Structure formats: C-alpha cells, structure tokens
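Subject: Structure handover

Hello,

Here is the structure you will be taking over. Please open it beside this message, and read the notes below as you look.

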Amino acid sequence: MKQWLAEIASETTSGPKRSKETFFLPTPNDVRREVTKRGAYVLWIREYSRSPLERLLARSSWWQIQLLRGILFRSSATSPGVALWKIIEVETNPMRQNILAPAREALSQGLGVIDALKTLRIFEQSTIAILAASEKANKLRDGIPHAIETITQKKKHTRAMGGTMAWLGFDVFTITQSLFWGKDLVLKWFHDNKPTDPVKLEEFNQVVGNLELLWNVLIASAMGSGFFLVWCIISFFYNRGKKDWPTARAVRAIPLIGAYLRDLGFADSMSVCARMVRGRVPIADALQQASESTNIPEIATYWEEAHENLGRGVSLGQALDRDPLTKNERMELAGLSDLTQLATIMDAISEMRAQAGKTKHSLIVWMAFAITGLYLVIAFGSAIFGLTVMNMSMESMMGGLMGGAL
C-alpha cells in the first residue's frame, strides 16, 4: 500500500472542475479505477512523499501523544476506529491532513484502527504492539495510556542521552576546532624556526613529526565520530517504523549499545506478551504479536521460533526456554505450569530487562564521559607538549644569537 497524489477532473453543474486528492492504494491503476467509479477522470498521478517538515511533525513524540490522546478522549462514547475517523474529519491543517490521509483511506476500506495507525508509519514497533495487544484483549482504551507512557519514557531517555552527548560533543568540537585552525600556524612556525645544531635538529624533526601525526589523528577521529553520529540520527529519524536497515545493524554491532537495545527490546516484547496472556488472547497469537513488537531481528527470531516450536507440539516452557535469554530467565520459564504464571514471569523478566537497560544506559553515559575526557587530556597534553617544542626552538635561536654576539 502506498500513498498517491492525483489531480482529477470531474463534471459539475458549473462545468469541469479540477481538484487534487490523496489515495492510499497499492498501484496507480487502483487509483484510476477508484476515480473512474466516481465518474471523474485522472489527469496525473504521482507517489506522494512527505516533506521534511511533515516528517518532523509526524514522527515527533508530541504528535504521537496528541493523536493517541484524541482517540482515547473520543472513544469514551464510540469505538476507537470511529474516534480516529472523527479526528481526521475535523482536521483543517493541510499538512496534518496529508499525514492522516493513509489512515483515512484504510478506515474507508473497512480496516481496523490498528491497521490504520500502521499505515501512518509514525509509531515505533513497540507502541503499535502495545496497542495491538490491548485490542486483541478487548482493552484498547486501557492500552492507550500505557502506550503514551512508553512514548514518554523513551522520549525522556532520548532527551537525557541527547543532552549528554550534545554537551560532550560541544567540548570535543571546540578543542577540535582549535586544533584544526591552529595546527598549520603552529607547525609552520616550528618549521620556520628549526634548531641549527644537527643533533637537536634531528630530535626536533622527530618530535614535530609525531606531534603533527597525533593532531591529524585527533582531528580525523573527532570528525569521523561526528559524521557517524549525525548519520545515525538522520537515518533513525527517516527509518522510524521499519524493521531493520543498515544503520541499525551498524549501531547494534557496538557491544554495549547493542546489549542496551536488546534489553529494551526484550522488556517491551515481554510486556506486550504478558498483557495479551492476561487478556486471554490465544498463546500462539500472543507469541506472533510479540515478534512484531520489536525491530531487533534477534528478539523477533526468538518469538518466531517459540511460535514455530509450539505449533510442533513442544511444551510452552520448552518453547520459550532458549537463547538469548539469560540463565536465570530460562530457569524461570522452564518450570512454567500455567498461563497465569506465564504472565507473571514475563512481567518479571520485562522489569529485569528494563532495569538492566537503565544500568547499561548509565554505563554508556559514563563511558562517553571517560572517552571524551581521555580525548581532551590527549589534546591538552599535546598542546602543552607543543610548548616544550617551542621552547626547544626558542633556546636554539637564543643560543645562535648569543653565539653570534660572542
């Protein structure tokens, strides 16, 4: 399913009239058939792509929370699907109308509220999974506040991490700028004021060469890290809602960060599965939905394999008792006796994983401080070392002048 923008012409009592409309259909031919049913004609069709400003608004936490709150408020007297339809109908802002157009088309085709929210491509997998699990348990109104709380918590974590990285990045940026713009001037002065003594000249050239190499490495590493960070931010922003992509795989390959993301993924998926089990959703459907609640392939594979083994007749405890769960988690699941106990165990695992994620988050921040501090120490140390080289050159010049005077 794709979003299309089409200009159509239709006959009216006052003559032909042109208008532009958005459609959410698989192919352009489907758009033509839809327009033909209305007795109108297609002038042109193109795939609609959101502008950067629309992407920023649609994928912001503020927009997501406002949309979910609107559904929660209006669904007190009607169904969530009708509540979403009313939100779309009363929207007058053209930008927001374009953002909500796929959901409008989905609802008009008879799809449910969860499918309509998926078409917007603005929510993370865990948020959609929480809402879908609540809908399956016939408790969508109870699940919306939980989804809002999840979005808020992730926003706080992202803001805390972003603030820390921004401060550290500013320190590194200022030092790197000083090295970048001052390096050539300092090295030029060194080369223009070399010692005349052959022994000191050899030592001087070796020291200056090492200093130049160190400064080049510091500048290159800082610029490389900065470009990688910016690339990750942009890539995660534009690929929000996707299962997997190259940047996400590169970030997960970083040992501590990859473990942190896996902990968060398990915490979300375990919580989703426990919610569905308590809502008496069939366990096979709960496992399948849990696999769709995360964008970490390793975790999704865990749930898919458990679902497959359960279908083969393996007991539920044995189906869930597998890597990448820890030894303690596997021991808890191995002694499973009934579904009520399963929900309790999954909630406990979710809490443990969430706590482990917080610990790793703090460790990541402190390691970032340590690495940045080490970078600053090397940068300042090299600058102080440069002063000793300058003194070497000055002493040689003064020695030459004194020798010439004598």
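**What was found**

The protein has 16 helices and three strands. Both are DSSP runs numbered from the N terminus: helices are H or I with at least four residues, strands are E with at least two. The model is predicted, so local features need pLDDT of at least 70 and side-chain atom pairs count only at pLDDT 80 or more, while totals for chains, interfaces and linings use all residues. Residues are numbered from 1 along each chain as its sequence is written, and side-chain values use heavy atoms, with hydrogens and water left out.

Of the 406 residues, 40% are buried (under 20% relative accessible area, 1.4 Å probe, protein chains only).

**A helix pair**

Helix 11 (residues 255-278) packs on helix 13 (residues 297-311) at about 35°, with the axes 9 Å apart. Axes are lines fitted to C-alpha atoms over the stretch in contact, and angles run from 0 to 180 degrees between N-to-C directions. Helix 11 gives Arg262, Gly265, Phe266, Ser269, Met270 and Cys273 to the contact; helix 13 gives Glu298, Ile299, Tyr302 and Trp303. Contact means heavy atoms within 4.5 Å. By class, six of these residues are nonpolar, two polar and two charged. Ala, Val, Leu, Ile, Met, Phe, Trp, Tyr, Cys and Pro count as nonpolar, Asp, Glu, Lys and Arg as charged, and the others, Gly among them, as polar.

**A cavity**

There is one cavity of 30 Å³ or more. On a 1 Å grid over the protein atoms alone, a cavity is a set of points where a 1.4 Å probe fits but cannot get out; lining residues have an atom within 4 Å of a point. Points are joined across faces, edges and corners, and a volume is the space filled by probe spheres set on them. The largest cavity has about 40 Å³. Its lining is Leu68, Ile71, Val113, Ile114, Leu117, Leu131, Leu140 and Ile144. Helix 6 gives the most, three residues. The lining has eight nonpolar, no polar and no charged residues.

**A pocket**

A pocket is an open set of points with protein on both sides within 12 Å along at least five of seven lines. Helix 8 supplies the largest share, six residues. By class, the lining has four nonpolar, six polar and six charged residues.

Regards

Methods: Buried < 20%, exposed > 50% of the residue type's maximum accessible area, 1.4 Å probe, protein only.
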